[in-house]
Amino acid sequence: MEQKEILPQKPALSGRPAAPWDAESLRPALWELLGRRVRRYTMADSSSVPAETAGELLESILYSIGLAVSAGAPPPEPGNLDALLEFSWGVIEERLGEAKELLKRAKASLPPASAMAQESTLEEMDAFFQRYDYRFFAHQIPCSVDYPLCLPVPENLGGVEYIREYLRRLALENAFCLRLEEYAVTRLALFHCRGDLSMPVNLYSITVPNALACNILGEPIRFLDISPAGQILLLNQFKSASPEEVREELNSSALALYRELGLSGPEEREYLEIAAGNLVHRIIAAAKSGDLAGVFPSLPDKPDVVFSAPMFADNETMDDGTLRDLAETLSDCSSVSEKVDLVLRNVHSLRDLVEILNLCFWEDEPDEMLRSLDGDTLFLLRAYVLKKGPDWHSETGWETRLPKIAPPQSRNMPHRKD
Amino acid sequence: MDDTEMLSLISSQTALETEELRSCNALTLRYGLSLSDAQIRNLVQRRFSALRDTGRVEFGSGILKKLAVEFCDSPYISQENYEDTLLELQDSFYYFKNESQDQIPDDELISFMKRCFDGVCQGSLDYLSGTTLEDLCRNTRYGYKTDGDGRLF
């Protein structure tokens with residue numbers, strides 16, 4: 001399918017000057033500039049460099065000049081390459097500032113059920129800002145970006161342009177996921193990941209189909225659940241439909257989602273429409289085979305049996321009185337293990353768990369409580385802490401013990417086996 | 001870096017290096033060493049093949065002048081073996097720049113080569129490239145501390 005681009009076309013950043021540049025007439029000047037950059041890179045210690053290094057330095061020069069031209073600088077000529085290069089550094093610094101701001105916002109708006117790959121990717125982005133050497137290797141992306149996007153960033157983007165665009169798209173995706181029911185997103189994510197949230201599964205691309213289908217069926221969108229009966233209705237609707245009809249149905253459903261979820265801005269709408277449009281061929285193929293479960297999965301009634309659902313994932317919260325009574329009982333407990341046992345037996349919601357951790361577990365006590373939780377619940381707690389932001393601190397300080405029990409770099413947090 | 005770009009680089013550097021080597025004769029003649037035009041052409045050509053063989057790109061006039069200036073007072077070099085020695089030294093130089101992962105600056109590597117060539121190697125190029133330079137590069141890669149001759153403390 002022809003995919004529309006949701007960003008302005010990138011200028012000549014693919015490593016070679018594009019029209020209207022006259023690359024041939026620039027060649028001698030480029031060589032001279034490359035020679036000067038090599039001398040600067042080696043700090044005049046070495047007159048030669050490996051060909052790969054020279055190639056990367058040249059690529060960086062072309063990338064930077066392309067960026068400068070796209071930012072309004074005059075087209076490159078043999079006499080202005082140095083000036084363009086210096087101009088581009090200003091542009092890159094500006095883009096770096098924007099990317100840092102986007103990263104800050106992305107970290108503060110992680111969906112609670114965000115896959116661990118998203119978290120580790122955002123952590124890696126910090127390393128990008130430390131490692132990024134735009135004066136010599138402006139086109140490089142010196143970090144590992146594991147979390148896939150629903151609509152990937154075009155490969156012709158490099159350096160800070162790539163990171164900025166990645167974060168912009170991630171923000172659009174997370175804004176959508178945050179408007180859905182937390183537990184529904186978690187269930188769907190766990191379903192697609194087969195219980196292992198460390199798998200790099202894109203949340204947006206798994207929630208959008210179910211949200212669209214819920215809208216078509218008139219079911220509550222935020223819960224993302226499609227009953228087997230709903231799947232049959234969808235199958236009946238799509239099996240004899242032409243691709244154009246499916247596209248039209250998805251487009252109108254996307255528009256309805258956009259309105260109902262209170263999304264704002266044309267970019268979010270366009271992103272959603274493209275993501276919905278990308279489903280057309282999957283739906284046609286699945287409808288032909290008579291089974292839409294691969295596109296619009298029904299979540300199992302008893303998730304614990306099928307996958308390791310978290311113990312605390314915002315089920316029904318206790319009323320205030322019961323919570324207060326429990327807190328009092330906990331403060332009377334003589335041992336930590338007794339406290340932990342009480343919590344495991346009585347608390348069934350992430351909100352209540354956080355309340356209890358905030359009130360009843362002091363000094364080293366949170367360690368034992370946290371150790372008794374399954375990996376998914378620890379993950380949800382980490383997401384909760386991240387969402388609260390760096391300035392938030394609980395009274396008991398339990399969140400400071402969390403990294404020790406569930407380290408951020410841990411790719412395989414334990415899962416409950418039952 | 002494609003072949004066209006490499007050729008462009010080569011042609012712009014040949015003239016410069018030829019001229020520099022010619023001017024070097026004025027200094028080396030004091031030690032009874034000089035290079036004819038044919039020898040200079042040969043050395044310059046070998047520079048580019050050495051760079052190609054080692055996968056390196058060089059800007060400016062190259063390393064030959066520095067080698068000639070550094071080695072011209074060696075007791076182990078005479079007019080008869082001057083060109084061949086420079087050829088070998090040039091090949092070794094680029095090879096060991098790679099082997100040391102570019103961690104040794106040009107001047108330090110040349111100075112080390114000269115010290116070993118006149119000292120422990122007693123003018124043997126095989127000894128120089130087969131033992132002392134290998135040791136130096138290995139120790140540099142592993143970050144070991146060495147004495148002035150590249151040996152471990």
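Predicted model: local features only at pLDDT ≥ 70, side-chain atom pairs only at ≥ 80, totals over all residues.
**Entry 1: chain A on its own**

I started with the secondary structure of chain A. I found 18 helices and 1 strand there. Next I looked up burial. Chain A has 418 residues, and 41% of them count as buried. Then I checked how far apart in the sequence the contacting residues sit. I took the contacts in chain A with a separation of 6 or more, and 72% of these join residues 24 or more positions apart.

**Entry 2: domains of chain A**

How is chain A divided into domains? I noted three entries in the assignment. Domain 1 covers 1-15 + 22-178, so I wrote it down in two pieces, by the definition of the bounds. Domain 2 runs over 182-309, and domain 3 over 320-405. I also looked up one distance, taken over C-alpha atoms. The centres of domain 1 and domain 3 of chain A are 43 Å apart.

**Entry 3: where chain A meets chain B**

How many residues does each chain give to the contact? I noted 14 from chain A and 18 from chain B.

**Entry 4: strands across the two chains**

Which strand does β1 of chain A pair with? I found that β1 of chain A, residues 48-50, pairs with β1(B). The sense is antiparallel, and the pairing has 3 bridges. I looked up one residue pair here. A:Val49 stands opposite B:Val57, which lies in β1(B).

Terms used:
Residues numbered from 1 in each chain as written. Chains lettered and ligands numbered in written order. Contact = placed C-beta atoms within 7 Å. Pairing = 2+ DSSP bridges. Helix = DSSP H or I, 4+ residues; strand = E, 2+ residues; numbered from the N terminus. Buried ≥ 20, exposed ≤ 12 C-beta atoms within 10 Å, placed from the backbone.
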